[in-house]
Amino acid sequence: MNSQLVVQVVAAIVFNGQHVLVGKRPKQVHLGGMLEFPGGKIEPGETDEQALSRELFEETGLSVRLGDLLDECRFDYATKTICIRFYEAKPIEQQRSLDPQEPWYWCHVNELLPALFPAANARVLEKIRSRLSP
Ligand code: DGT
């Protein structure tokens, strides 16, 4: 049994037509260099929606309307266990444009290669692909 504290994480799959918002994690952090969906750890007292709105706005300046829960996954790493919930989202307003220097960009769904993402994202990537394939 894993007795480590479980870190609660939320992430958004923001769809813009055939594109989804992704970012590259900074080199120095856990899973550095991998792609991720915007989001992060839930602060004490926050709902999933509050945490996602805060993280998305801080990271990208984007306001979204949250949709369905697409996947929930518990994953054990060497140093911690995470429980991550992925929500579908639609962009409402972009407060600032994304600078090419920033890690965030709109990626075509055909380019969401599982090898570029943390293993915890495998199932949701599968769901995104099957949702958009004809
Ligand atoms: P910080 O800098 O400590 O405030 O970090 P936060 O709140 O931005 O959260 P972060 O991104 O360090 O932690 C999220 C954890 O979930 C991290 O261990 C990586 C993991 N993870 C796996 N897949 C994803 C994903 O698609 N998006 C995000 N944001 N995290 C993911």
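**Exercise 1. How many residues does helix 1 have, and how far does helix 1 reach from its first C-alpha to its last?**

The model is predicted: local features need pLDDT of at least 70, side-chain atom pairs count only at pLDDT 80 or more, and totals for chains, interfaces and linings use all residues. Residues are numbered from 1 along each chain as its sequence is written, and side-chain values use heavy atoms, without hydrogens or water.

Step 1. Locate the element. Helices (H or I, at least four residues) and strands (E, at least two) are DSSP runs, numbered from the N terminus. Helix 1 covers residues 48–60, which gives 13 residues.

Step 2. Check the span. The expected value is 1.5 Å times one less than the number of residues. Helix 1 reaches 18 Å, close to the 18 Å expected.

Step 3. Look just past the end. There, G61 takes a positive phi of about 75 degrees.

**Exercise 2. Find which residues of helix 1 are buried, and what they pack against.**

Step 1. Apply the cut-offs: buried is under 20% relative accessible area, exposed over 50%, partly exposed in between (1.4 Å probe, protein chains only). D48, A51, L52, E55, L56 and T60 are the buried residues of helix 1.

Step 2. View down the axis, using directions from the axis to the C-beta atoms. The buried residues of helix 1 fall within an arc of 120 degrees, so they line one face. An α-helix has 3.6 residues a turn, so residues three or four places apart point the same way.

Step 3. List contacts (heavy atoms within 4.5 Å). The partners include strand 1, strand 2 (19–24) and strand 7 (104–108).

**Exercise 3. Repeat the analysis for helix 2 (residues 122–132).**

Step 1. V124, L125 and I128 are its buried residues.

Step 2. Their arc is within 105 degrees, so the buried residues of helix 2 line one face.

Step 3. They pack against strand 1 (6–16), strand 5 (62–76) and strand 6 (81–94).

**Exercise 4. Classify the aromatic pair F37 and F117.**

Step 1. Set the rules. Rings of Phe, Tyr and Trp (its six-membered ring) pair if their centres lie within 6.5 Å; planes under 30 degrees apart are stacked, over 60 edge-to-face, the rest tilted. The structure holds three such pairs.

Step 2. F37 and F117 are stacked: 5.1 Å centre to centre, 25 degrees between the planes.

Step 3. F37 sits in the loop between strand 3 (35–36) and strand 4, F117 in the loop between strand 7 and helix 2, 80 residues apart.

Step 4. Check burial. F37 is buried at 3% relative accessible area; F117 is buried, also at 3%.

Step 5. F37, F86 and F117 form one aromatic cluster.
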